[in-house]
Amino acid sequence: MTLQEYDYARESPSKLAASCLLLALTMKNLGGWTPTLEYYSGYSAQDLHPLVKRLNFLLTYQPRDKLNTVRSKYSHRVFFEVAKLAPMDMLKLEKALTNC
C-alpha cells in the first residue's frame with residue numbers, strides 16, 4: 001500500500017520492511033521485536049515506532065478510484081486478504097509498542 005503513497009518514498013526499503021513486519025507481528029499478537037530481528041534488520045523497535053504508527057494510520061485510508069489495484073490484489077484469498085485487515089486501535093498499538 002505504500003507504493004501508492006509518495007510520503008513513503010523517502011523511507012529506506014529495509015526500514016519500511018522492518019516496520020511492516022513489526023506492525024504485522026503486533027496486529028496478530030505473534031510477539032514483539034526480538035534481539036534476533038534487531039540484529040539482522042539493524043533496527044531497534046524504538047527506531048521503528050514512528051513508522052509503524054504511520055503504517056497503521058495508512059490502513060484507514062480508502063483507496064482512490066484510480067489507485068486501487070494494489071489493494072484489490074491483496075484483498076484476494078491467495079494473499080490472505082491482508083488488505084482487508086482493520087487497523088489497530090492507536091491506543092492498543094501504542095501500548096503494544098511500548099512493551100516491545
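Predicted model: local features only at pLDDT ≥ 70, side-chain atom pairs only at ≥ 80, totals over all residues.
Let's start with the helix itself, which covers residues 13–27. Just beyond the helix, asparagine 29 adopts a positive phi of about 55 degrees.

Which residues of H1 are buried? They are Leu16, Ala18, Ser19, Leu22, Leu23, Leu25 and Thr26. An α-helix has 3.6 residues a turn, so residues three or four places apart point the same way. The cover over the buried residues of H1 includes helix H2 (35–41), H3 and H5.

| Pair | Axis distance | Angle |
|---|---|---|
| H1 and H3 | 8 Å | about 75 degrees |
| H1 and H5 | within 11 Å | roughly 105 degrees |

With an angle of about 75 degrees, H1 and H3 are therefore roughly perpendicular to each other. On the H1 side, the contact is made by Lys15, Leu16, Ala18, Ser19, Cys20, Leu22 and Leu23. H3 answers with Ala45, Asp47, Leu48, His49, Leu51, Val52, Leu55 and Asn56. Sorted by class, the residues of this contact are ten nonpolar, three polar and two charged.

Turning to H5 (residues 90–98), its axis crosses that of H1 at roughly 105 degrees, which makes H1 roughly perpendicular to H5. Leu22, Leu23 and Thr26 of H1 meet Leu93, Ala96 and Leu97 of H5. Five nonpolar residues and one polar residue make up the contact of H1 with H5, with no charged residues.

**Threonine 26**

Setting aside neighbours within four places in sequence, threonine 26 is in contact with Gly31, Met88, Leu93, Ala96 and Leu97.

**The nonpolar core**

How many residues does the largest nonpolar core have? It has 17, and Leu48 and Val52 have the most contacts inside it. H1, helix H3 (45–58) and H5 are the elements giving two or more residues to this core. The largest share, six residues, comes from H3.

What does valine 52 touch, leaving aside neighbours within four places in sequence? Its contacts are Ser19, Leu22, Leu23, Leu93 and Leu97.

Terms used: Residues numbered from 1 in each chain as written. Heavy atoms only, no water. Axes fitted to C-alpha atoms, helices over the stretch in contact; angles between N-to-C directions. Helix = DSSP H or I, 4+ residues; strand = E, 2+ residues; numbered from the N terminus. Parallel < 35°, antiparallel > 145°, perpendicular 65-115°, else oblique. Contact = heavy atoms within 4.5 Å. Nonpolar A, V, L, I, M, F, W, Y, C, P; charged D, E, K, R; others polar. Core = buried A, V, L, I, M, F, W, Y, C linked by side-chain atoms within 4.5 Å. Buried < 20%, exposed > 50% of the residue type's maximum accessible area, 1.4 Å probe, protein only.
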